[in-house]
Amino acid sequence: MGDLAAAGAALRYTGASIGYHGTPVLTHVDLNLAAGRRLVLIGPNGAGKSTLIKSVLGLVPVLDGTATVFGQPPAQARAVTGYVPQTDSLDADFPVTTAQVVMMGRYRRIGWWRPTRAVDRRAVTQALDRVGLADRAGTQFGTLSGGQRQRALVARAVAAEARLLLLDEPFNGVDAVSQDAILTVLRELSATGTSLVLSTHDLALARELADQVCLLNGRQWAVGPPGEVLTAETLRRAYGRHAVDVSDGRTVLVEP
């Protein structure tokens, strides 16, 4: 794991096309994300944000160009990559506690059939505390609110000690308290060297959180600092018929 974490950029895509069954969904992807930096993916529904994230996990193939994670093919870097999906696949009625869900983040370290160790239990406790769910450790996961479940999934990734954390629309349907808790954890993680890739529709959040913004819609339209990418003209080109109204320094997308 240490060798991977020390190898080159956290994320490097060059002239990449990504898709399914040989058909590109996303083209012209050029990214270079350093350790501890935060990349926010912006684009309309169907733009390819989730496809790009899944390609970082090695779950969707790169059809052309190159892609590396810590200098390795994406599938070979999963041991240092954490993933927070839009929604978790766990059945709400499945009898598993919040702490058990977070412990799943440790399985790559301890193996699926081996007993947990004190270091694993401590990592779970600390992760739950960081997201403000220490008092929900024994609560059935399915009974948590939507925001609490999302915080638990972030805690699962934290417990895994990922060096690159991928979050697919982590704030959809999340209450303000949970959003603030997640944002605090993300800033703490990046401050200690964890690289972040996060997709969102929220332009204000992208401006606030991102070191780099990547604007997608079937292709990469722009990448760079928020002030350079989230401009009216660039957003108009990427979003097509959507109108963009800029007032008081804010950029607003308006459906036609």
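Me: What should I know about the model before we start?
Reply: This is a predicted model, where local features need pLDDT of at least 70, side-chain atom pairs count only at pLDDT 80 or more, and totals for chains, interfaces and linings use all residues. Residues are numbered from 1 along each chain as its sequence is written, and side-chain values use heavy atoms, with hydrogens and water left out.

Me: OK, in what sense do E1 and E2 pair?
Reply: Antiparallel: E1 (residues 11-20) and E2 (residues 23-33) pair over seven bridges. Strands here are DSSP runs of E with at least two residues, helices are runs of H or I with at least four, and both are numbered from the N terminus. Two strands pair if DSSP finds at least two bridges between them.

Me: Which residue is the bridge partner of isoleucine 18?
Reply: Leucine 26, in E2.

Me: And how many residues sit between E1 and E2?
Reply: Two, in a hairpin, and histidine 21 in that turn has a positive phi of about 55 degrees.

Me: New topic: which residues touch the most others in the largest nonpolar core?
Reply: Ile42, Val154, Leu165, Leu186 and Leu215, out of 44 residues in that core. H6 gives the most to this core, seven residues. A nonpolar core is a set of buried Ala, Val, Leu, Ile, Met, Phe, Trp, Tyr and Cys residues joined through side-chain atoms within 4.5 Å. Buried means under 20% relative accessible area, exposed over 50%, and partly exposed in between (1.4 Å probe, protein chains only).

Me: What is leucine 165 in contact with?
Reply: Beyond its neighbours within four places in sequence, leucine 165 has contacts including Gly82, Tyr83, Val84, Ala157 and Leu186. Contact means heavy atoms within 4.5 Å.

Me: Where is glutamate 161 found?
Reply: In the loop between H6 and E6 (164-168). Glutamate 161 has a positive phi too, near 55 degrees, but this residue is partly exposed, with a relative accessible area of 40%.

Me: Last one: what volume does the largest pocket have?
Reply: About 580 Å³, where a volume is the space filled by probe spheres set on grid points joined across faces, edges and corners. On a 1 Å grid over the protein atoms alone, a pocket is an open set of points where a 1.4 Å probe fits, with protein on both sides within 12 Å along at least five of seven lines.

Definitions and conventions
On a 1 Å grid over the protein atoms alone, a cavity is a set of points where a 1.4 Å probe fits but cannot get out, and a pocket is an open set with protein on both sides within 12 Å along at least five of seven lines; lining residues have an atom within 4 Å of a point.
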